[in-house]
Amino acid sequence: MNDAVNEVTLDKHFNAAGQEARIYAGWENSGAFAATPAAQAAPFTIMIPPPNVTGSLHVGHALTMTLQDILVRVRRMQGRDVLWQPGTDHAGIATQMVVERLLDAEKTSRKEIGRDKFLERVWRWKAESGGTISSQLRRLGASPDWGRERFTMDEGLSKAVREVFVRLHGEGLIYQDRRLVNWDPKLQTAISDLEVETKEVKGSLWFLRYPVEGGAEIIVATTRPETMLGDSAVAVHPENPKYRDLIGKFVILPLTGRKIPIVADEYADPEKGTGAVKITPAHNFNDFEVDKRHNLPSPSILDRQGRITLAEIGDVPEFTKSLEGMDRFAARKAIVAELEAQEVLEKIEPYTNQVPHGDRSGVVIEPLLTVQWYCNAGVLAGPAIAAVESGKIEFVPKQWENTFFAWMRDIQPWCISRQLWWGHRIPAWYGPDGTVFVAHDEAGAQAKADAHYGERREITQDEDVLDTWFSSALWPFSTLGWPEQTAELAKYYPTDVLVTGFDIIFFWVARMMMMGLHFMGDVPFKTVYIHGLVRDERGQKMSKSKGNVIDPISLIEEFGTDALRYTVAASAGPGRDVKLGKAKVEANRSFITKLWNAARFCEMNNVVPNPDFNPGSAKLPLSRWILSASNKAIADATAAVDAFRVDDYAFAVWHFVWGDFCDWFLEFAKPAFASGGDDATEIRDVAGYVLGVLLRLMHPITPFVTEEIWDHFGYGEACSLISASWPRVVEVSNAAAASADVAWAIQLISEIRTVRSEMNVPPSQKSPVLLKDASAETLARAAAWQEAIFRMARASSVGELTGEIPRGSAQAVLNEATIILPLAELIDLDAERVRLAGLRSKAAAELEKVNAKLANEDFVKRAPEAIIAENEERRASFSAEIIRLDAALRRIA
């Protein structure tokens with residue numbers, strides 16, 4: 001082989017922007033993403049949490065999709081038949097709002113054009129603009145089976161939705177009921193708890209005197225005086241001596257003249273407010289539960305627009321009649337003024353309240369008593385709870401099971417109807433007398449109606465659509481062709497793992513469990529891998545108002561996809577929120593650069609893949625050490641992926657690639673690269689082999705740069721790394737001895753470098769290295785590694801100490817030996833002691849300030865969580881710096 005320096009044809013820098021699209025197209029066109037139901041290979045299945053069709057890639061997507069892509073790429077390389085099922089959610093409210101805004105700009109509205117025309121317009125928008133998120137997932141390097149992409153409103157999934165609704169209705173598990181819902185007065189629909197955003201609002205607490213029949217009075221406190229018109233009772237705690245004698249009596253409700261009872265209920269907290277609580281069942285969720293316990297009336301006094309309605313409270317005084325049709329907040333002012341005039345208002349106190357708002361409309365949400373369609377979640381929850389209890393479904397991290405159990409064991413009926421036009425229209429039709437006929441289609445409903453009435457009667461379909469979460473609850477089996485019994489359903493259900501954030505454990509994860517167990521008779525997935533949320537670099541939640549929202553596409557364009565993927569993977573500890581910032585991604589780009597430069601160095605030194613190389617034949621200690629380190633990296637990475645510790649996987653490849661391979665192996669190998677003979681041949685073969693291993697190890701996290709290097713070196717066909725086999729541990733001859741030998745050299749050089757750095761020794765100044773109390777084995781090693789010690793530790797000589805330790809020496813300990821570095825001729829030791837002591841004093845002063853802050857209870861109580869965390873990090877940093885400086889001072893004491 002020619003040992004001269006080779007011409008380097010790899011570009012000086014990896015051009016991510018210029019290569020990523022080409023590489024991705026190569027993977028996709030090769031069919032590498034596609035599942036093969038007919039294959040004999042064991043399946044590995046992940047269902048993408050379908051992003052909203054209206055959406056664009058945000059940092060949450062970047063995290064969850066990167067984690068999923070890492071898992072599927074590893075399993076694909078391990079020979080599994082991978083199905084990563086892609087698709088998007090029709091996103092009822094979000095999509096309807098997008099199209100309504102477009103109509104508004106055109107000076108029209110959905111009401112003006114009608115339902116059919118509006119739905120046509122939505123489908124047109126979806127065809128024109130609904131593919132943004134899918135194209136952006138490609139930018140992220142995601143490798144799902146795009147040929148199987150689904151949409152929650154496509155015909156196949158719509159058929160599954162209708163089938164589930166009809167069956168559950170037939171089983172009595174879907175029904176209509178009049179219950180409280182989160183009502184959005186602006187969007188005019190019920191919304192889920194997940195679509196409610198609680199905001200802290202500075203308001204008032206009004207204390208009202210309610211006269212008790214017979215002469216006494218009872219004072220209640222409320223943040224919503226307008227709802228008093230719908231009060232049905234006053235509740236007091238049964239053990240509260242202050243009100244015990246009033247239980248069973250009646251108060252005369254001001255402004256209405258109605259008599260309402262004083263009831264005993266533990267919901268009334270004696271320590272809160274006055275200890276007496278006004279009960280308004282139609283406009284408060286807690287009051288609604290009190291109502292059910294005491295069988296109280298529940299009149300609504302607000303309509304769907306949030307205006308006063310008096311229809312359900314009977315005859316009222318003239319003032320109250322004047323409130324009819326008034327907006328709820330205007331009515332509040334009018335009612336407070338009238339209560340004050342009637343001397344019913346005791347006092348007003350400032351009060352900070354947690355007020356629910358619609359996350360899309362921005363208006364205050366109104367608990368409203370309406371007739372809706374419900375699913376009996378209590379019945380469906382039982383098997384799901386049992387599946388987690390028995391271990392058929394495991395949560396990772398395990399503590400999330402507690403959250404799951406807490407929600408599921410207290411589950412309420414699930415409101416599944418929405419007052420929208422865009423979505424799965426409820427397959428229920430009404431006869432002229434209100435009789436409901438549920439069927440798969442209108443013809444089926446008409447047949448039921450004909451049989452019921454004994455003649456043809458006109459029927460009309462329910463105007464409402466289903467909650468978006470209803471269709472997404474069917475995602476693990478509807479996407480595989482259910483209710484048809486397809487080959488995909490037989491092979492890929494149940495799926496292997498679900499990757500998602502903790503915020504939708506109840507809304508999506510639990511509902512998939514309920515539906516999957518009910519309709520498939522088996523769990524929808526075996527593992528639920530829960531990751532944290534993405535926050536900014538200070539740990540604060542990202543929001544537009546704070547101006548700290550990070551666009552992942554801009555990070556990709558600036559630093560490359562691999563840098564972003566590595567950053568989120570390395571930060572994704574179990575159940576831990578991910579702190580993400582531009583600086584972090586920029587720093588991790590240096591890892592990509594390090595790998596690229598190592599590949600260029602290998603090419604420069606004639607390293608090429610040798611398919612005939614047998615790792616077991618390696619003889620040199622350096623070769624056997626790096627092969628052993630490679631085995632450890634393979635084992636660590638594989639174990640980390642199996643345990644869903646993607647952060648540990650990222651660290652394992654970083655430690656091996658940056659540390660073992662780049663910093664040590666390639667540095668130690670330089671003399672061999674420059675020489676000829678058998679040693680040079682072996683080192684080149686080992687370098688080529690290990691480079692191939694680390695490219696495969698890194699590929700699932702950093703797919704683009706690894707594919708480019710793999711292709712360039714000719715390890716396989718173009719764009720073939722995605723389909724290459726996951727590396728396996730190999731037999732290495734006498735690995736332990738080689739590892740111990742090289743580890744000693746690394747430790748010695750590292751200790752010397754540390755001392756020189758701490759003592760501020762200029763790199764140009766070389767120093768002798770003396771070994772005190774060294775064994776014969778240590779001295780032999782020092783002689784064997786002399787060239788590397790001279791070159792890498794800036795040593796002028798290395799050998800045994802004879803006589804006394806030279807004056808002005810720094811010391812370090814390595815095993816049985818003491819490393820002596822005579823520095824008196826190289827630096828001013830007195831000045832160095834002064835410098836180190838000054839740095840220590842400065843660090844100690846800073847530590848004292850931080851400790852004082854964290855010891856201040858008022859600061860800890862008031863400061864945001866991110867500021868507390870930042871100060872705790874500073875405390876740890878200053879403490880570590882003091883320990884380091886103390887060690888440095890001891891070296892030259």
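Ala, Val, Leu, Ile, Met, Phe, Trp, Tyr, Cys and Pro count as nonpolar, Asp, Glu, Lys and Arg as charged, and the others, Gly among them, as polar. These classes are needed at the first stop of the tour.

The structure is a predicted model, in which local features need pLDDT of at least 70 and side-chain atom pairs count only at pLDDT 80 or more, while totals for chains, interfaces and linings use all residues. Residues are numbered from 1 along each chain as its sequence is written, and side-chain values use heavy atoms, with hydrogens and water left out.

**First stop: the cavity**

Select Ile93, Asp184, Leu187, Ile191, Glu195, Gly358, Asp359, Arg360 and Ser361, which line the largest cavity. A cavity is a set of points, on a 1 Å grid over the protein atoms alone, where a 1.4 Å probe fits but cannot get out; lining residues have an atom within 4 Å of a point. The volume of the largest cavity is about 30 Å³, where a volume is the space filled by probe spheres set on the points, and grid points are joined across faces, edges and corners. The count is 1 cavity of 30 Å³ or more. Sorted by class, the lining comprises 3 nonpolar, 2 polar and 4 charged residues.

Now select glutamine 188, in the loop between β5 (174-184) and β6 (189-191). Helices (H or I, at least four residues) and strands (E, at least two) are DSSP runs, numbered from the N terminus. Glutamine 188 has a phi near 60 degrees, a positive value in a residue other than glycine. Most residues other than glycine have a negative phi, and most peptide bonds are trans.

**Second stop: a sheet of four strands**

Colour the open sheet whose strands stand in the order β10-β11-β9-β12, with mixed pairing; two strands pair if DSSP finds at least two bridges between them. Each of β10 (250-252) and β12 (276-279) has a single partner strand, so one side of each edge strand is left without a neighbour in the sheet. From one strand to the next, the twist averages 30 degrees.

Which residue in β11 is the bridge partner of alanine 235? Valine 263 holds that place, and strands β9 (residues 233-236) and β11 (residues 259-264) pair in the parallel sense over 3 bridges. By contrast, β10 and β11 run antiparallel, also joined by 3 bridges, and valine 251 has isoleucine 260 as its bridge partner in β11. These two strands, β10 and β11, form a hairpin with 6 residues between them, and leucine 255 in the turn has a positive phi of about 70 degrees.

Move to the open antiparallel sheet with 3 strands in the order β19-β18-β20. Its edge strands, β19 (436-438) and β20 (460-461), each pair on one side only. Strand β18 (residues 428-430) is joined to β19 by 3 bridges. Within this pairing, tryptophan 429 stands opposite phenylalanine 437 in β19.

Select tryptophan 482 and proline 483, which are joined by a cis peptide bond with omega of about 15 degrees. Proline 483 belongs to the loop between α15 (475-478) and α16 (487-492). Next, select tyrosine 493 and proline 494: the peptide bond from one to the other is cis, with omega near 0 degrees. Proline 494 is in the loop between α16 and β22 (495-501).

**Last stop: an aromatic pair**

The structure holds 35 aromatic pairs. Rings of Phe, Tyr and Trp (its six-membered ring) pair if their centres lie within 6.5 Å; planes under 30 degrees apart count as stacked, over 60 as edge-to-face and the rest as tilted. Select tyrosine 529 and phenylalanine 644: their ring centres are 5.4 Å apart and their planes at 40 degrees, so the pair is tilted. Tyrosine 529 lies in strand β23 (residues 525-531) and phenylalanine 644 in the loop between α21 (621-642) and α22 (646-674), so the pair ties together parts that are 115 residues apart in sequence.

Technical notes. 1 Å grid on protein atoms, 1.4 Å probe; cavity = no way out; pocket = protein on both sides within 12 Å on 5 of 7 lines; lining within 4 Å. Axes fitted to C-alpha atoms, helices over the stretch in contact; angles between N-to-C directions.
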